[in-house]
Amino acid sequence: MIDRLEKEVDMLERHLQVLKMVIENEPIGIVKMSNETGYPHHKVRYSLRVLEEENLIEPSSQGAIKTERTAEFVDELDGKLDDIMNKLDGMKIEDVPEVEN
């Protein structure tokens, strides 16, 4: 149950790392991103496709570049992540009497 959540968080982390690289280094290509992050080309390519589908980046002849929507997404990101972390904190099972087997 938790394994899927961990995988999704890992994938989100990769997508956001790729987005950050585009923001900081645009235009930037797959090979450079792969070399700098250590992610295989196919994973970088997948993250770029997801980011493009969300209209956060767009392709150019020199590599990926940000879009008009990128700044708005970045501005809202920390608040959304805080909300998710608070929700996850509320799910903790800490103060429950000892569970017997």
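**Overall architecture and local packing of the predicted chain**

Buried residues account for 23% of the 101 residues in the protein chain. The structure described here is a predicted model. Four helices and two strands are present in the protein chain, and their order along the sequence is α-α-α-β-β-α. The C-alpha trace extends over about 60 × 30 × 20 Å along its principal axes. The radius of gyration of the protein chain is 17 Å, whereas a compact globule of 101 residues would have a value near 13 Å. When contacts between residues at least 6 apart in sequence are considered, 51% of them join residues at least 24 apart.

The packing of helix α2 against helix α3 was examined next. Two packed helices are described by the distance between their axes and by the angle between them. For helix α2 (residues 30–37) and helix α3 (residues 41–53), the axes come within 9 Å and cross at roughly 115°. The crossing of α2 past α3 is right-handed. On the α2 side, the contact is formed by I30, V31, M33, S34 and T37, while α3 contributes H41, V44, R45 and L48. Classified by residue type, this contact of α2 with α3 comprises five nonpolar residues, three polar residues and one charged residue.

Helix α1 (residues 2–25) contains H15. The relative accessibility of H15 is 10%, and H15 is therefore classed as buried, the limit being under 20% relative accessible area. Beyond its neighbours within four places in sequence, H15 is in contact with Y46, S47, V50 and L51.

T67 is situated in the loop that links β2 (63–66) to α4 (70–90). With a relative accessible area of 18%, T67 falls under the 20% limit and so counts as buried. When residues up to four places away in sequence are set aside, T67 touches N55, L56, I57 and E58. One of these residues, N55, also takes part in a polar pairing with T67: its backbone oxygen lies 2.5 Å from a polar atom of the T67 side chain.

Technical notes:
Residues numbered from 1 in each chain as written. Predicted model: local features only at pLDDT ≥ 70, side-chain atom pairs only at ≥ 80, totals over all residues. Heavy atoms only, no water. Buried < 20%, exposed > 50% of the residue type's maximum accessible area, 1.4 Å probe, protein only. Polar contact = N/O pair within 3.5 Å; in protein donor to acceptor, adjacent residues only side chain to side chain. Contact = heavy atoms within 4.5 Å. Axes fitted to C-alpha atoms, helices over the stretch in contact; angles between N-to-C directions. Left-handed = near helix turned anticlockwise from the far one by under 90°. Nonpolar A, V, L, I, M, F, W, Y, C, P; charged D, E, K, R; others polar. Rg over C-alpha atoms; globule rule 2.2 N^0.38 Å.
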